[in-house]
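The account below moves from the ligand to the spaces around it.

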Amino acid sequence: MTTLNNKIAIVTGASSGIGRVAAELFAREDAALVLSGRRQAALDEVIAHITAAGGRAVAVAGDVSDDAHARALVETAIDRFGGLDIAFNNAGTTGIAAPVPDLSVETWRETLDTNLTGAFFAARHQIPAMLARGGGSLIFTSTFVGHTVGFPGMGAYAASKAGLVGLTQVIAAEFGAKGIRANALLPGGTDTPMGRAVSNTPEMRAFVEGLHALKRLAEPREIAQAALFLASDASSFVTGTALLADGGVSITRT
Ligand code: NAP
């Protein structure tokens, strides 16, 4: 038996990095997938890779800060595959980094809209669809930034991602009795286009690696495996948590 055994999942941020690798992993574990990202061509590449390996996936391109896109993802899961069991709400942006007094209102709004309001839009369409199936698992990709570490320049990002932990707890409390689990996943620095943009010089890369007890960045696969755990019945008694997959950032002082 496979880990996801015919479950139906939405993965956002599936055109790159953690979301792409998670989509490919979920497909190998026999989930049927609806994938989201803004770049259609990048999503098409992921779909081609998944279908060539015998998996099932369709793409809906759009912006997660658009409520109509969130609704379209759920409608597609129902129309194409018959319902929704899992939502890996993973799309995110760091915005343009700057000390708080210098953060533009535009960056603040765009970062909050994408990372936090987008998660609210996702959840408000996903939860009713999961209730119709008797339960499900929501996963929100947060981060160590703003939870265990105050990372300079990341005010909007930290605020939006810390907000996800609060949203997760409330959803878990509201719908636990109806079979819905909600968890936040908090990766450490991860070797993706986003992670490489933050660690964009050898000095910065060494600094970020040094924050971790493991003294390296994560491979996207290592974060995708934590998402698979939260998506699957292996985590059937895990809800409302902020699961660190952070290579020990939270406990490192050297
Ligand atoms: P990535 O490779 O840059 O991927 C980001 C994904 O989010 C892309 O698929 C992108 O798709 C999508 N996205 C961004 N803004 C969007 C929007 N407005 N609407 C729809 N899709 C949007 O970065 P990643 O590292 O895999 O990041 C995945 C998640 O992990 C993010 O939530 C990030 O905050 C979190 N995280 C990353 C790290 C790290 O070090 N990399 C650490 C902790 C947490 P399009 O470009 O096609 O729109």
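A pocket, on a 1 Å grid over the protein atoms alone, is an open set of points with protein on both sides within 12 Å along at least five of seven lines, whereas a cavity is a set of points where a 1.4 Å probe fits but cannot get out; lining residues have an atom within 4 Å of a point. A molecule sits in such a space if more than half of its atoms lie within 2 Å of its grid points, and by that criterion the ligand sits in the largest pocket. The model is predicted, and local features need pLDDT of at least 70, side-chain atom pairs count only at pLDDT 80 or more, and totals for chains, interfaces and linings use all residues. Residues are numbered from 1 along each chain as its sequence is written, and side-chain values use heavy atoms, with hydrogens and water left out.

Which residues come nearest to the ligand? They are Ser 16, Arg 38, Tyr 157, Lys 161 and Thr 192, out of 29 residues around the ligand, where a residue counts as near if one of its heavy atoms lies within 4 Å. This shell has 8 nonpolar, 17 polar and 4 charged residues; Ala, Val, Leu, Ile, Met, Phe, Trp, Tyr, Cys and Pro count as nonpolar, Asp, Glu, Lys and Arg as charged, and the others, Gly among them, as polar. Helix H1 (17-28), H5 and helix H6 (193-198) each supply at least two residues of the shell, and H6 gives the most, with 3 residues; helices (H or I, at least four residues) and strands (E, at least two) are DSSP runs, numbered from the N terminus.

Turning to individual atoms, an N or O atom in the side chain of Lys 161 is 2.7 Å from an oxygen atom of the ligand. The backbone takes part as well: an N or O atom of the Thr 190 backbone lies 2.8 Å from a ligand oxygen atom, and a backbone N or O atom of Val 64 lies 3.0 Å from a nitrogen atom of the ligand. Of the 880 Å² of accessible area that the ligand has on its own, the protein covers 93%, with areas from the Shrake-Rupley method and a 1.4 Å probe.

The largest pocket itself holds about 960 Å³ of space, a volume being the space filled by probe spheres set on the points, which are joined across faces, edges and corners. Its lining comprises 43 residues, of which Asn 90, Ala 91, Gly 92, Thr 93 and Met 194 lie nearest its centre. H6 provides the largest share of this lining, 4 residues.

The second largest pocket has about 160 Å³ of space, and its lining includes Glu 24, Arg 28, His 49 and Arg 56. H1 and helix H2 (40-52) are the elements that give two or more residues to that lining, with the largest share, 3 residues, from H1.

There is also 1 cavity of 30 Å³ or more. The largest cavity has about 130 Å³ of space and is lined by 17 residues, of which Thr 12, Val 64, Asn 89, Gly 118 and Ala 119 lie nearest its centre. H4 gives the most to the cavity lining, with 5 residues, and by class the lining residues divide into 8 nonpolar, 8 polar and 1 charged.

Note on methods: A polar contact is a pair of N or O atoms within 3.5 Å; within protein, one must be able to donate a hydrogen and the other to accept it, and residues adjacent in sequence count only if both atoms are side-chain atoms.
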